[in-house]
Amino acid sequence: MTDVAWIDAALTSARPQALGALLRYFRDLDTAEEAYQNACLRALKTWPQNGPPRDAAAWLIMVGRNTAIDDLRRGKRQQPLPDDDHAISDLDDAESELADRLDGSHYRDDILRLLFICCHPQLPATQQIALALRIVSGLTVKQIARAFLVSDAAMEQRITRAKSAIAKNKVPFEAPGAPERSERLAAVAAMIYLVFNEGYSAGGDSADQRAPFCEEAIRLARLLLKLFPAEPEIMGLAALMLLQYARVAARFDADGTAVLLEDQDRALWNGKMIAEGLALIDKAMRHRRTGAYQIQAAIAALHARAAKPEDTDWAQIELLYGSLEILQPSPVITLNRSVAVSKVRGPQAALDMIAPLASKLANYFYFFGAQGAYLNQLGRHDDARESFNRAIALANTPAEADHIRRHIDRLEEDSKVKAAGK
């Protein structure tokens with residue numbers, strides 16, 4: 001591994017801990033971020049010569065803290081200080097003892113606080129994702145903007161607005177107590193899954209650009225697992241993302257068209273990721289504290305364990321979706337459950353199940369895609385065509401539209417064949 005490669009890996013790994021500690025010291029997101037960046041610049045200059053420090057995070061915290069203090073003193077005195085790569089402030093104030101050692105008791109709360117600030121409830125989901133990718137993950141504004149298909153200036157403005165909202169709402173920096181920590185952890189998990197879905201739901205030209213979102217979300221989930229090794233819902237979250245992302249190589253064909261799960265080449269699935277995900281969900285279930293992420297991961301695990309589509313345990317999947325409906329009632333969950341129902345009890349039962357959802361999901365692409373599929377299976381081709389046309393009008397990506405268009409093309413071909421045979 002080259003000097004640049006191992007340094008970049010070390011900085012990426014240490015970023016949440018170092019930035020979280022600097023945020024605790026300075027209680028200002030911009031100051032903490034600038035302090036961390038200055039420490040990274042020092043690392044790029046000195047580590048190739050001196051070798052890596054024993055603890056990269058501790059080194060970055062100390063150098064970042066001291067360079068930031070030097071900057072503050074320089075600004076107050078309006079006079080330059082010595083520009084020495086090895087010079088570190090020797091302040092002997094009340095905080096020096098705390099700052100001069102990496103306090104393990106703060107480690108978990110520092111990272112949790114940093115993550116929680118990024119998913120503050122006052123921020124829209126798009127700002128939460130952008131801020132987490134920029135602050136916690138260290139992606140550049142250009143990288144994030146390209147993935148969201150917006151200009152660099154627009155993304156910079158989005159991140160700036162998010163920081164302003166945090167400052168305006170005076171988000172507290174003290175370590176959370178036990179009850180609040182549980183609530184914060186749920187918010188952090190939701191934000192991480194938002195990041196994952198931003199990458200996983202992408203199709204066409206943006207799929208490759210957003211793939212790092214999935215990988216970063218999985219990395220953050222693994223980080224949370226280190227902090228909370230006995231938390232089954234975090235195990236479930238990590239398992240769910242691993243099992244879903246394991247299928248990424250098979251989800252689109254060479255033309256960029258979405259491939260249904262039952263039609264995917266399972267040889268392309270990532271066996272190592274599947275094994276890790278299965279081990280995690282099995283471990284989570286042993287805790288007997290079921291949560292939504294665990295149930296979704298258990299559904300994904302049933303798909304992953306099926307060597308062939310016909311081996312899928314659809315009856316068990318229907319039961320799991322039923323449990324998820326009780327835990328988190330939602331028309332979308334009912335719609336997903338209908339797919340299992342169609343496999344177990346047929347398309348008419350599935351169609352009857354989703355009929356009451358028509359008004360609630362009137363603007364939902366997948367509702368009309370599923371409805372069209374069930375109608376088509378029942379031989380109601382004209383009705384199916386109408387549903388497919390409505391689905392195309394609601395498609396979020398070119399890949400979704402193209403997938404439905406293929407269904408319509410097949411219907412047209414079948415109609416021509418029948419007409420020719422008369």
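**Exercise 1.** In which helix is Gln128 found? Work out, too, whether Gln128 is buried or exposed.

*Solution.* Keep in mind as you go that this is a predicted model.
- Step 1: Start with the location: Gln128 belongs to helix H6.
- Step 2: Turn to accessibility. Gln128 has a relative accessible area of 11%, and buried means under 20%, so Gln128 is buried.
- Step 3: The Gln128 side chain reaches the backbone oxygen of Leu123 at 3.1 Å.
- Step 4: List the neighbours. Leaving out residues up to four places away in sequence, Gln128 touches Cys118, Cys119, His120, Leu123, Met191 and Leu194.

**Exercise 2.** Find how H6 is oriented against H8, and which residues meet.

*Solution.* 
- Step 1: Take the axes of H6 (residues 125-136) and H8; they come within 9 Å and cross at roughly 95°.
- Step 2: Angles of 65 to 115 degrees count as roughly perpendicular, so H6 is roughly perpendicular to H8.
- Step 3: Now the contact itself. From H6, the residues include Ala130, Leu131 and Ile135, while those from H8 include Met155, Ile159 and Ile166.
- Step 4: Sort by class: seven nonpolar, two polar and four charged residues make up this contact.

**Exercise 3.** Now try the packing of H7 with H8.

*Solution.* 
- Step 1: H7 (residues 141-148) packs with H8 (residues 152-168) at an angle of about 105°, the axes being 8 Å apart.
- Step 2: H7 and H8 are therefore roughly perpendicular to each other.
- Step 3: On the H7 side you will find Val141, Lys142, Ile144, Ala145 and Phe148; they meet Asp152, Met155, Glu156, Arg158 and Ile159 of H8.
- Step 4: By class, that gives six nonpolar, no polar and four charged residues.

Technical notes. Residues numbered from 1 in each chain as written. Predicted model: local features only at pLDDT ≥ 70, side-chain atom pairs only at ≥ 80, totals over all residues. Heavy atoms only, no water. Axes fitted to C-alpha atoms, helices over the stretch in contact; angles between N-to-C directions. Helix = DSSP H or I, 4+ residues; strand = E, 2+ residues; numbered from the N terminus. Parallel < 35°, antiparallel > 145°, perpendicular 65-115°, else oblique. Contact = heavy atoms within 4.5 Å. Nonpolar A, V, L, I, M, F, W, Y, C, P; charged D, E, K, R; others polar. Buried < 20%, exposed > 50% of the residue type's maximum accessible area, 1.4 Å probe, protein only. Polar contact = N/O pair within 3.5 Å; in protein donor to acceptor, adjacent residues only side chain to side chain.
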